[in-house]
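Visitor: I would like to go through this structure with you. Could we have it on screen before we start?

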Amino acid sequence: MTFRNITVAGGGVLGSQIAYQTAFHGFPVVIYDISEEALAKVRDRLEKLKPNYVRDLGASQEQVDAALSRIRLTADLADAVRAADLVIEAVPEIPEVKRAFYEQLASVAPPHTVFATNSSTLLPSQFAEATGRPEKFLALHFANSIWRHNTAEVMRHPGTDEQVFQDVIEFARAIGMVPLPLRKEQPGYILNSLLVPFLEAAQMLWVNDVADPETIDKTWMIATGAKEGPFAILDTVGIRTAYNIAAGKAKSGNEAYAKLADKLKAMIDQGKLGRESGEGFYRYPNPRFKQPDFLR
């Protein structure tokens with residue numbers, strides 16, 4: 001593996017986690033986001049990640065501080081990728097946004113730089129041409145709370161070079177992940193092929209007024225022994241991501257997804273973004289589903 005300098009494009013919830021996990025394992029990381037205002041939010045997200053590594057991984061204060069010191073933030077894309085060996089893209093789950101980003105990225109990144117998309121549901125072949133280097137492009141998908149849920153799905157498209165595929169698998173292992181190679185494109189990879197239909201089924205019960213989110217979560221938790229229900233999971237995924245997926249499916253004329261997108265948009269407009277903002281379907285840091293009487 002020849003990767004050393006890593007750039008993460010998009011400092012949202014998962015982008016920040018990817019950057020911090022990478023820096024925690026010794027790699028210098030640059031985070032690119034579109035404005036200084038966005039970068040201020042990234043700084044806050046990074047600081048809030050440190051206690052998780054202390055609590056869940058037994059890291060020392062020195063280790064978590066050192067990880068943060070290896071991260072640099074910039075709103076200048078050319079500056080962000082000037083020395084990049086690998087760019088991990090974590091921009092919004094909107095095809096037009098991703099395509100435009102790759103066209104811009106291709107014009108400023110060095111020829112040797114490998115591009116990887118962290119898209120949750122979109123295929124790398126949708127953007128391969130826009131990258132200008134389809135053989136150096138593939139998907140690298142992480143689950144949320146990646147320091148604990150340390151899966152890394154590595155999915156090639158038909159034009160991905162085999163050595164690039166193997167190098168990204170090795171990189172994933174080097175940052176403490178369990179690499180899960182996918183040699184054939186699959187919308188949603190493995191994890192989201194299982195998770196997205198589950199979350200959408202729950203959301204449709206809500207949209208169709210069958211039951212409220214707490215009742216749906218309570219049903220799932222009691223019946224399966226799960227620690228969280230689908231709406232608690234949606235708060236972790238982020239309401240904006242759920243909205244982008246629903247809005248994308250609504251474009252086909254599906255009225256149910258249009259109704260769902262409207263309800264999620266109303267939450268976003270109220271600042272209810274999920275765990276990130278302290279409120280989504282639940283309020284944090286002490287959500288209702290964690291209370292002793294929730295399952296009664």
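Guide: Helices (H or I, at least four residues) and strands (E, at least two) are DSSP runs, numbered from the N terminus. This is a predicted model, in which local features need pLDDT of at least 70, side-chain atom pairs count only at pLDDT 80 or more, and totals for chains, interfaces and linings use all residues. Residues are numbered from 1 along each chain as its sequence is written, and side-chain values use heavy atoms, with hydrogens and water left out.

Visitor: How many helices and strands are there in the protein?

Guide: The protein has twelve helices and eight strands. Its radius of gyration, taken over C-alpha atoms, is 19 Å, close to the 19 Å that the globule rule (2.2 Å times the number of residues to the power 0.38) gives for 296 residues, so the protein is as compact as a globular protein of that length.

Visitor: And what box do the C-alpha atoms fill?

Guide: Roughly 55 × 50 × 35 Å, along the principal axes.

Visitor: What share of the residues counts as buried?

Guide: Of the 296 residues, 51% are buried, meaning under 20% relative accessible area with a 1.4 Å probe, protein chains only.

Visitor: Turning to helix 1, how many of its residues are buried?

Guide: Eleven of the twelve residues in helix 1 are buried, among them Leu14, Tyr20 and Phe24. Helix 1 covers residues 13-24 and reaches 17 Å from first C-alpha to last.

Visitor: What follows just after helix 1?

Guide: Gly26 is found there, with a positive phi of about 100 degrees.

Methods
Buried means under 20% relative accessible area, exposed over 50%, partly exposed in between (1.4 Å probe, protein chains only). The expected span of a helix is 1.5 Å times one less than its number of residues.
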